[in-house]
Amino acid sequence: MIRFTQVSKRYPGGHEALKAVSFEIAEGEMVMLAGHSGAGKSTLLKLTAALERPNGGSVLVSGKNVGTMRSNAIPFLRRNIGLIFQDHKLLFDRSALDNVLLPLQICDFDHRESARRARAALDKVGLLNRERANPIALSGGEQQRLCIARAIVNRPTILLADEPTGNLDTEYATEIMNIFHSLHQIGVTLMISTHDENILNHHVGRTLTLKHGELQA
Amino acid sequence: MTNWLPRHGRVLQFALRRLAATPINSLFNILVIGIALSLPTGLYVLLQNVQGLLNEFSGTPQISVFLSLTSTPGDSAQTGEQLRNLASVSRIEFIPRNDALEQLKRSTELSDVIGGLNQNPLPDAYIVFPKKADVASLESLRDQLKVWPNVDHVQLDSAWARKLEALLHFGELAALILATLLSIALTAITFNTIRLQILTQKEEIEIAKLIGATHAFIRRPFIYYGLLQGLLGGLAAWIIIAASLTVLNTGVRDLAELYSSSFTLHHLAIRDSISLLLFSAYLGWLGAWLSVTQHLRHIEPR
């Protein structure tokens, strides 16, 4: 599903974020991405979603080379990837429901079907009773769940989460991880970056560990 | 494809809501566009009215053809026949030299002087009514007649018409220059409005790109906004001109009464009105398009 081959990424200014990273993630796999802050976890996720382009090597997602993809093809790649950020990236000028509706509007979904799907996504993350609320009125954990609802509403096959539990206490973090596990069960491919030891210890699948931009064996 | 119409309907609704969200701002933008557009358009409307007035007052133009004093009655008749046969002439009127003298005696106070003359100083003359009334064809007809044998003098009173036509042409040029400059200014206004909108919605644009929005999807509401703002500006210009003409007409009516004429100023014809709206909408679209093309490129999620 996702294959990195000798991928390196150097930012302007000379900082080498990734050095010759190679790995493969199978369809339906749930993989943890571990490492200290600045190890290159975010860069790796950004390369997968074509938010950055690699300086060397190739990034394949669903068989397509994302690194050399034409810019007008990128939106269609991103519609198949749900993105979850530590800082949520929610819009505070509209309701929770409208935030979740955004990806469907972008894909030109039918109006009524959109509302139905958005409510289903909110239900999945336990926010159905807050659909009219402005995201600013939600707690940190609720905002993160809203971000997840937005990421899964158009049923992507891949979900990328960058430190989704970063600012949350253990109870909220467990809720979030439970949502990810239920998505894993319905066949979604997940790549989740974290430095939370607790989560890493409980993870049953594969963990990729980055150190100074290099993948540890 | 089946979603095409509702999709654009939604974007239009969205643009309208955005206009309504900042009513004072939008109103002033629309007024600025309206006032700027009403200047050249108003000038154009006035010129059109003057042109209409000109046609009303000048009536049918005529050319006076004076034959030479030495031409015999037979020569005069022959010249009349030739004039009648010209394709560009609609009809002619013959004024024999004796009739002309009689008329002069009757109508002026010079009758004593004229009575003292021992021979008629006036030639036979024709008044020619041409088919086309514009200055160019009148003058070419005059030049044609001037070289005929037996024709001594051809008089076309076109000098004042020429002057006025040149003046109108000058006015038209001024309107055109004004329109060109203000069009550029209006495009710039929309360009800036959209630029500000893009800056305030930077976050939303970034997020939309993150979740797979195409360029077209992001541009569309801005383009619609520009189009709508231009269209409403054009409408404002139309209303401004209508109001101004109503005010001016009260003055014109008094003036026209003095000349026992029923002249009033007319607004743009329907076709010109539609052109005004389309053109202002186009300027709005252009400004928005340029702005979006220029500014959206720099907004990329990271």
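Is helix H1 (residues 41–48) of chain A largely enclosed by the rest of the structure or exposed, and how many of its eight residues are buried? That was my opening question for this notebook, and I kept in mind that the model is predicted.

**Entry 1: H1 of chain A**

I went through the helix residue by residue. Six of the eight residues of H1(A) are buried, so the helix is largely enclosed by the rest of the structure. I wrote down their names: Lys41(A), Thr43(A), Leu44(A), Leu45(A), Leu47(A) and Thr48(A). Then I looked just past the helix. H1(A) is followed by Ala50(A), which has a positive phi, near 60°.

**Entry 2: other positive phi values**

As a reminder to myself, most residues other than glycine have a negative phi. I looked up two further cases in chain A.

Ala20(A) is not a glycine, yet its phi is positive, about 45°. I found Ala20(A) in strand E2 (residues 16–25) of chain A. Its relative accessible area is 45%, so I noted Ala20(A) as partly exposed.

Lys89(A), also a residue other than glycine, has a positive phi near 50°. I placed Lys89(A) in the loop between E6 and H3 of chain A.

**Entry 3: H8 of chain B**

Next I turned to chain B and its helix H8 (residues 202–210). This helix is mostly covered, with seven of its nine residues buried. My list reads Glu204(B), Ile205(B), Glu206(B), Ile207(B), Ala208(B), Lys209(B) and Leu210(B). Here too I checked what comes after the helix: Gly212(B) follows H8(B), and its phi is positive, near 95°.

**Entry 4: H6 of chain B**

How far does helix H6 (residues 135–146) of chain B reach from its first C-alpha to its last? I got 16 Å for its 12 residues, close to the 16 Å expected at 1.5 Å a residue.

I then asked which residues of H6(B) are buried. They are Val135(B), Leu138(B), Glu139(B), Leu141(B) and Leu145(B). These residues cover an arc of only 160° around the axis, which puts them on the same side of H6(B).

I picked Thr41(B), which lies in helix H2 (residues 23–58) of chain B. With a relative accessible area of 11%, Thr41(B) is buried. I set aside its neighbours within four places in sequence and looked for contacts: Thr41(B) touches Ile241(B), Leu268(B) and Leu276(B).

My other pick was Gln155(B), in strand E4 (residues 151–156) of chain B. Gln155(B) is partly exposed, and its relative accessible area is 41%. Again leaving out neighbours within four places in sequence, I found Gln155(B) in contact with Gln62(B), Ile63(B), Ser64(B) and Phe66(B). I also compared Gln155(B) with Arg142(B): they are 13 residues apart in sequence, and 7.6 Å separates them in space, C-alpha to C-alpha.

**Entry 5: the largest pocket**

Now for empty space. Rolling a probe the size of a water molecule over the atoms shows where such space is left.

The largest pocket has a volume of about 970 Å³. It is lined by 27 residues, and the closest to its centre are Arg94(A), Leu102(A), Gln105(A), Phe14(B) and Arg17(B). I then sorted the lining by element. In chain A, helix H3 (96–106) and helix H4 (111–124) each supply at least two residues, as do helix H1 (4–21), H8 and helix H9 (215–258) in chain B. H1(B) gives the most to this lining, with seven residues. By class, I noted 12 nonpolar, five polar and 10 charged residues in the lining of the largest pocket.

**Entry 6: the cavity**

How many cavities of 30 Å³ or more does a search of the whole structure find? I noted one. The largest cavity holds about 60 Å³ of space. In its lining, strand E6 (81–84) and helix H5 (140–152) of chain A are the elements that give two or more residues. E6(A) has the largest share, three residues.

I also looked at the names in this lining, which include Arg78(A), Gly82(A), Asn154(A), Leu210(B) and Ile211(B). Leu210(B) was already in my notes as one of the buried residues of H8(B). By class, the lining of the largest cavity has seven nonpolar, two polar and three charged residues.

Key
Residues numbered from 1 in each chain as written. Chains lettered and ligands numbered in written order. Predicted model: local features only at pLDDT ≥ 70, side-chain atom pairs only at ≥ 80, totals over all residues. Heavy atoms only, no water. Buried < 20%, exposed > 50% of the residue type's maximum accessible area, 1.4 Å probe, protein only. Helix = DSSP H or I, 4+ residues; strand = E, 2+ residues; numbered from the N terminus. Expected span 1.5 Å × (residues − 1). Arc of directions from axis to C-beta. 1 Å grid on protein atoms, 1.4 Å probe; cavity = no way out; pocket = protein on both sides within 12 Å on 5 of 7 lines; lining within 4 Å. Points joined across faces, edges and corners; volume = space filled by probe spheres on them. Nonpolar A, V, L, I, M, F, W, Y, C, P; charged D, E, K, R; others polar. Contact = heavy atoms within 4.5 Å.
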